[in-house]
Amino acid sequence: MEDATRALGKGTLPPGPVPEGLIRVYSMRFCPYAHRTRLVLRAKGIRHEVININLRNKPEWYYTKHPFGQIPVLENSKCQLIYESVIACEYLDDAYPGRKLYPYDPYERARQKMLLELFYKILGYQNTIFFGGDCISMIDYLFWPWFERLDVYGIADCLNHTPALRLWTAAMKQDPTVCALLIDKNIFLGFLNLYFQNNPDAFDYGLTC
Amino acid sequence: MRFCPFAQRTRLVLKAKGIRHEIININLKNKPEWFFKKNPFGLVPVLENSQGQLIYESAITCEYLDEEYPGKKLLPDDPYEKACQKMVFELFSKVPSLVTSFLRRQNEEDCYGLKEELWKELNKLEEVLTNKKTTFFGGNSLSMIDYLIWPWFEWLEVLELNDCVDHTPKLKLWMAAMREDPAVSALLTEPKVLRGFFNLYLQNSPEACDYGL
């Protein structure tokens, strides 16, 4: 994987200019926002290099790439910098040939953008620990199964971006009901493995009887 | 709604592109039940076309209109210039809620704190104009980003916040240049009408949205 390199921190030398024919993404291996950009780079077959940034110990030079040191940031050989993950993704779709990821039809494009707003409203809807208030309620149970599965992979959130979601996940795991039905990580991964092989025994994976 | 700055963005683009349209005003203090079928969030603006397609979120409506309709393109074709406009839009993002907070302030102590925060945000925009060395945020002619941020600047005078741009001379010049634009000037609201609306809106009056009619 292009991004399997050590994260650069304080005291490192700034990287040189981006060679022509390549685009650079400043990233971090576990950040979901940077992950978006890497998905688009890969989906469109865009030649790129990845520089991982140590988000807890940012290199001084990185603030010349982004005023607040955030990722992802794209840098091209013309020294143009593009940041905000959604803007970066759209830039790549516009600037590079090949398969278009956004639809051509203006209404369909608008629909995708409206869906993204819905997603942000879910993430941003919380001003209390739980989605319904200070106690767990229906909406939390209705959301939980998807987040539990993400959590099993251990990459449900990024260090700084979604503290509210991280708090919510921790609070949910304290709930007796959630606890009682928590999926064991290894069993779930074992199930998935067999499931993707279309193995009919997948559904009984982990049963001892 | 005649006084909604978010809806004003869409109306500016409709006017700037010369798109034939009709307006249905919604009483935001007393929403009709059917309006939630147009937008589950019950917010304006919403576009509806003859195919029954509904588009909401002001920035999304503006981009849709630019893509769907012919004539002058408000967003640049160049992918990097387009991305720059969207990055400036992000820089502006704290301004609407600050201006609303200022409008809703309960006492004068909050006034200075909010003004300071607003100065900070306006300085970011001043920096963009300084670095670009152009009159408008997208270059030397007016484009999408200018329309998207304008409505809140129109409010500054009525809210007696004009002094917030005293330290941002390029922004002040930009405001004057904006007022010369045909679409902007066609949609300007008389300050005393806006003031009347604010008064009623703050009192939660269902008559607010129709003030001045």
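I take buried to mean under 20% relative accessible area, exposed over 50% and partly exposed in between, with a 1.4 Å probe and protein chains only. I am working from a predicted model, in which local features need pLDDT of at least 70, side-chain atom pairs count only at pLDDT 80 or more, and totals for chains, interfaces and linings use all residues. Residues are numbered from 1 along each chain as its sequence is written, chains are lettered from A and ligands numbered from 1 in the order in which they are written, and side-chain values use heavy atoms, with hydrogens and water left out.

I looked up R24(A), which counts as buried at 3% relative accessibility, and found a salt bridge from E49(A) to R24(A) with the closest N and O atoms 2.5 Å apart. This pair links distant parts of the chain, since E49(A) sits in strand β2 (residues 48–52) and R24(A) in strand β1 (residues 23–27), 25 residues apart. Strands here are DSSP runs of E with at least two residues, and helices are runs of H or I with at least four, numbered from the N terminus. E49(A), at 24% relative accessibility, counts as partly exposed.

I then turned to D94(A) and K82(B), whose closest N and O atoms are 2.9 Å apart in a salt bridge. D94(A) belongs to helix α2 (residues 85–95) of chain A and K82(B) to helix α4 (residues 79–92) of chain B, so this pair joins two chains. D94(A) is partly exposed at 28%, whereas K82(B) is buried at 10%. Both belong to a network of salt bridges that also links E90(A), R109(A), K113(A), E63(B), E67(B) and K86(B).

**A charge without a partner**

I checked R36(A), which lies in helix α1 (residues 32–43) of chain A, and found it buried yet without a salt bridge, the nearest side chain of opposite charge being E84(A), 7.6 Å away. For charge, Lys and Arg count as positive and Asp and Glu as negative, while His and the chain ends are not counted. Leaving out residues up to four places away in sequence, R36(A) touches S85(A), V86(A), C89(A), L116(A), F119(A) and Y120(A), where contact means heavy atoms within 4.5 Å.

Methods: A salt bridge is a side-chain nitrogen of Lys or Arg within 4 Å of a carboxyl oxygen of Asp or Glu.
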